[in-house]
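Take a look at the sequence and the coordinates first, and then read on.

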There are 4 protein chains.
Amino acid sequence: MLSTDTKGVFAIAPTPFLPDGSLDEASVDQMTEFYWKAGADGLTILGIMGEAQKLEPEESMQIVRQVIAKADGRPIVVGVSAPGFAAMKRLANEAMEAGAAAVMIAPPSALRTDDQIVGYYAQAIAQIGRDIPFVLQDHPQATGVQITPMVIRRIVDDNPSCVMLKHEDWPGLDKVSQLRDWEDSGDLRHISILCGNGALFLELEMQRGADGAMTGYAFPEMLRDVVDRSLAGDLDGAQDIFDTHLPLLRYEQQPVIGLSVRKYILKKRGAIAHDTLRTPGPKLTDRTRADVDRLLMRLAKFDPRAAI
Amino acid sequence: MLSTDTKGVFAIAPTPFLPDGSLDEASVDQMTEFYWKAGADGLTILGIMGEAQKLEPEESMQIVRQVIAKADGRPIVVGVSAPGFAAMKRLANEAMEAGAAAVMIAPPSALRTDDQIVGYYAQAIAQIGRDIPFVLQDHPQATGVQITPMVIRRIVDDNPSCVMLKHEDWPGLDKVSQLRDWEDSGDLRHISILCGNGALFLELEMQRGADGAMTGYAFPEMLRDVVDRSLAGDLDGAQDIFDTHLPLLRYEQQPVIGLSVRKYILKKRGAIAHDTLRTPGPKLTDRTRADVDRLLMRLAKFDPRAAI
Amino acid sequence: MLSTDTKGVFAIAPTPFLPDGSLDEASVDQMTEFYWKAGADGLTILGIMGEAQKLEPEESMQIVRQVIAKADGRPIVVGVSAPGFAAMKRLANEAMEAGAAAVMIAPPSALRTDDQIVGYYAQAIAQIGRDIPFVLQDHPQATGVQITPMVIRRIVDDNPSCVMLKHEDWPGLDKVSQLRDWEDSGDLRHISILCGNGALFLELEMQRGADGAMTGYAFPEMLRDVVDRSLAGDLDGAQDIFDTHLPLLRYEQQPVIGLSVRKYILKKRGAIAHDTLRTPGPKLTDRTRADVDRLLMRLAKFDPRAAI
Amino acid sequence: MLSTDTKGVFAIAPTPFLPDGSLDEASVDQMTEFYWKAGADGLTILGIMGEAQKLEPEESMQIVRQVIAKADGRPIVVGVSAPGFAAMKRLANEAMEAGAAAVMIAPPSALRTDDQIVGYYAQAIAQIGRDIPFVLQDHPQATGVQITPMVIRRIVDDNPSCVMLKHEDWPGLDKVSQLRDWEDSGDLRHISILCGNGALFLELEMQRGADGAMTGYAFPEMLRDVVDRSLAGDLDGAQDIFDTHLPLLRYEQQPVIGLSVRKYILKKRGAIAHDTLRTPGPKLTDRTRADVDRLLMRLAKFDPRAAI
């Protein structure tokens, strides 16, 4: 089970598809193994980057079961965000029965006011059950929902089953600091904070008190290194390796085409067999692929794992 | 099958739920009968007002089958909008096999440019199959997607299976006129135009050349009267009856709480057993229900069908 | 000076322009007289409907001075919303020195969270001065900013100079009730609530405890009647006259073209010489003008003031 | 005058304020000199980053005149975006009379459809005059307006006075390529393309055919180096220097606080006396300033100009 003390690297896994758009079950296994070899402590599946909203319910559970079967006890977080609570409840409960470590919930994009957000989580948790550990996903760039530190605090206070914040606000460094300050002053119980937003500020988020990374950058090895060095106090060492990856990471973190870039690299790395996105979705141009190839070649001078 | 010559009144049906949020199958039958008695020519199910995004796939098909079984050959349009084409294709094909007259597709809210919208419909129609008649839903207030008359024209030109526009832009009267002008000048083939947006401008849309109504106002009898009188050329007669309903209609057409108001009235009218919305969703206050009761009482002075 | 006890009808005045887009100073005087004859208790100028954001600072003050000169002591509220506090402070202070009764401030559209909104008003009031009475404009359809009842309460609590809410949320009836409930329970000091949103729900807002109207509907006489009858307890009488105007009112309250419709009617009524909007702005089609003419003719059967 | 053949580096200049929020005229001169020493070919003033919407008209012209007086004939582009055409026309004409090289126009955020955008530029150019060279600013992250390559082509075709695209779409590399492809095939006349978006993809944009940079990164020297090396064909040399700056550049390019970070660095570099933003605006925390100081120290190891 995920806990408030969880630290480390959780990779956000994409969902692999065959060229015809059907689920690529072989690649689900292969990708899961890839992430363990790359040093991930756990996996998060069926998130925004997992094209969850394009999956049928039975496909979602198929992925959950396959990944957990290959997890060897490592924690698997399952995204259960859905327009209706019926679907959320069903997926959350089936996933936990199948052995998931926690579920992750992002707010629907219609929410605007503080009370609407707090109320949404109250309703959602009442629906799925208060015994299921959950991750609060704070990703305004994707959801359009602005969650203040105080709203996070209210959600954490109201819901003992909230064990983790997936932090991907932008700008977001002072938000991490505010939460940790409240912990220090006793105003907020401790929760785990893992950072997303493509890792664009990971090395600095670690300095502000984050516990690790939860994002889909195609080189989880870098996330591993940065998190480990940061937790060990080697800030410049963490930053050094981060900086070598930043030109590529920035390219992968683009809106619209980011997931396509990520799948393209994961395919080159052998993690998945195809870089197909389920339609509707963008396609990479030859020039974009050439950009990625060139950035990989340059990265390989510093990090041999990029020599692919 | 729906055709480009379809005229009349299609009611947008809500999805009835039991107080515990599960599908109220008995009310599905009862509601379908209600609409036929109220004078509807056809029904549109699983739209935005049908809480379609909160339904599980099997529930959606359950509703489709039940409604068609009670339709006695009348045309049933099935909303198939979905974040992914896989789900859209599956629902569209299963619904048509079950006897639906057409499907309805609204653009996803991320679309912005003309080409994105045209391209989306091209992809969607390629996926579901070019032989399935479809309704283009133009509802910017709900989707955030602005579709110009020229984009509608391009979609109609590109897709022979486009038989109808569900028109609910606001303001939208000149849009109807522009499309009809193009038909008159031979620049656009004829399609059916049925009007939504809660019927807030129905009597004027009929004057601009619309073929009828496709909306969920809880008194389809009024839609029937306005459409019939308008098609018969009795514009003032149409307007007279429209005006008596406008105070209530305006109340029902509010954002956020509109569907709750509609279900409350439909329950009072005996169309459905419960006015439950599936969570998350708004709840009516006592004061709001009192407003509706009072507006109904006032309406009953002019239209005895409101005496409930 | 505007006070927390202000009741009645404040017309939102448009800004009259000559056909070449320059300020029509003669019409400013004429329009001001028109509103007094129509029964307005006060005027609100330089609001969203006043095309304030298209005016140069010297033009804004020209209008302020002209209107106040013709006001004969009646209260004039001046919209001072601006992207920067420097401009807001300058206009607010110059307007008050010129004899304005209060200023009105809408939140900028970038605000999202409760604290951002509360903080914005704190900063704005500190800038313009705590001695200037101000109207809080709550108009989410125009600003995109959702203000909860609790946020209004915090702003009222924090700022003694807040004397009035211009209420135009939609749906908004329960918001009025919530604020009045808090007043009744002693949790909120009394403020005046005048209602906008084109008066689409005016008769019901009065029933919920509003003090009057502050909106630009081109027949302020109707607002006068509805407010007077409502305050006198004649709810059905208020509703009767409201209902006769609703078909036209609904037409005028449309997004995008609403102001053009309003200016067209005001020109027909002799309130202004031209129905010009400053560019960029929409233009009415012949068909739209014909709609308005027809709705006016129908209205004239019930209300002879519409016979124009 | 700016021309379709303009290449090089245009710095986007902030507007310097004194701690009390008034215009810091001394810093305007100082900053202008700073940019010339840093290697800028020209300056762009009164843009989004120049807090233009918070300036009074007389302040805007004060800045224009001061900067041009210190420009020694170098081209100065003046942002003239405004809610109304009256203000745009006045500023554009006064700026050109004062010696500006061109004006820059961003679309207002309400625009959605292709025709709305094309029509807006047609109206705007008719207003300001067809003889004034203008820069089309394409910045969806700030404006919310999505401009396709085809819409840019239509604007360029319709308006001979369009000499430059300020490109800051994201993702945007394939957009640059599309425009250059059309130039190669003779479908589009040549225009200059300078790149913004904080330079986050500058080295790759140069590879796609851009002519230079127009952005406000606080080290214009880096922009100079990257543009020069790129134009000379030294792609890896350009990338090498770009990469050393990327950790800081990424920090400066954040939404909300980006301009504050930039002013903080510019103050440290002696370009301006104070890092004040005009209210309302964000303030940097001590931790954020410490982040910037640390990133500057690390950068100084590679680029001695950062040793401040």
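This is a predicted model: local features need pLDDT of at least 70, side-chain atom pairs count only at pLDDT 80 or more; totals for chains, interfaces and linings use all residues.

D293(D) is partly exposed, its relative accessible area being 27%. The partner of D293(D) is K268(D): the two form a salt bridge whose closest N and O atoms are 2.6 Å apart. Because D293(D) sits in helix α12 of chain D and K268(D) in helix α11 (residues 258-268) of chain D, the pair ties together parts that are 25 residues apart in sequence. K268(D) also counts as partly exposed, at 31% relative accessibility.

## Two further pairs within a chain

What does a salt bridge in chain D look like when its residues are buried? D211(D) and R180(D) give an example, with their side chains meeting at 2.7 Å, N to O. This pair links distant parts of the chain, since D211(D) is in the loop between α8 and β8 (212-215) of chain D and R180(D) is in helix α7 of chain D, 31 residues apart. D211(D) is buried at a relative accessible area of 4%, and R180(D) is buried too, at 10%.

D286(C) forms a salt bridge with R289(C), and their closest N and O atoms are 2.5 Å apart. Both residues belong to helix α12 (residues 286-300) of chain C, where they lie three residues apart, about one turn of the helix. D286(C) is exposed, with a relative accessible area of 59%, while R289(C) is partly exposed at 26%. A search of the whole structure finds 117 salt bridges over all chains.

How much area do chain D and chain A bury between them? The figure is about 3100 Å², with 50% of it on carbon and sulfur atoms. W170(D), R250(D) and R298(D) supply 21% of the area that chain D buries against chain A, more than any other three residues. In terms of contacts, 36 residues of chain D meet 36 residues of chain A.

Charge features here as well: the interface of chain D and chain A holds 14 salt bridges. One of them joins E203(D) to R250(A), with the closest N and O atoms 2.9 Å apart. D236(A), D240(A), D243(A), R294(D) and R298(D) are linked in a network of salt bridges. On the side of chain D that touches chain A, the elements giving two or more residues are α7 (173-184), α8 (202-207), α10 (235-252) and α12 (286-300) of chain D. The largest share, ten residues, comes from α10(D). By class, this side of chain D has 15 nonpolar, nine polar and twelve charged residues.

## Chains B and C

Chain C superposes on chain B by a rotation of 180 degrees with 0.0 Å of shift along the axis, at an RMSD of 0.0 Å. That is the relation of a two-fold axis. In chain C, the C-alpha of L246(C) is nearest the axis, 3.7 Å from it. The same surface serves both copies, as 100% of the contact residues of chain C recur in chain B.

Q253(B) is found in the loop between α10 (235-252) and α11 (258-268) of chain B. Is Q253(B) buried or exposed? It is buried, with a relative accessible area of 13%. Leaving out residues up to four places away in sequence, Q253(B) touches N197(B), G198(B), L200(B) and W170(C). The side chains of Q253(B) and N197(B) make a polar contact at 3.0 Å.

Note on methods: Residues are numbered from 1 along each chain as its sequence is written. Chains are lettered from A and ligands numbered from 1 in the order in which they are written. Side-chain values use heavy atoms; hydrogens and water are left out. Contact means heavy atoms within 4.5 Å. Buried area is the accessible area (1.4 Å probe) that two parts lose on being put together, summed over both. A salt bridge is a side-chain nitrogen of Lys or Arg within 4 Å of a carboxyl oxygen of Asp or Glu. Helices (H or I, at least four residues) and strands (E, at least two) are DSSP runs, numbered from the N terminus. Ala, Val, Leu, Ile, Met, Phe, Trp, Tyr, Cys and Pro count as nonpolar, Asp, Glu, Lys and Arg as charged, and the others, Gly among them, as polar. Copies are superposed by least squares on the C-alpha atoms of residues with pLDDT of at least 70 in both. Buried means under 20% relative accessible area, exposed over 50%, partly exposed in between (1.4 Å probe, protein chains only). A polar contact is a pair of N or O atoms within 3.5 Å; within protein, one must be able to donate a hydrogen and the other to accept it, and residues adjacent in sequence count only if both atoms are side-chain atoms.
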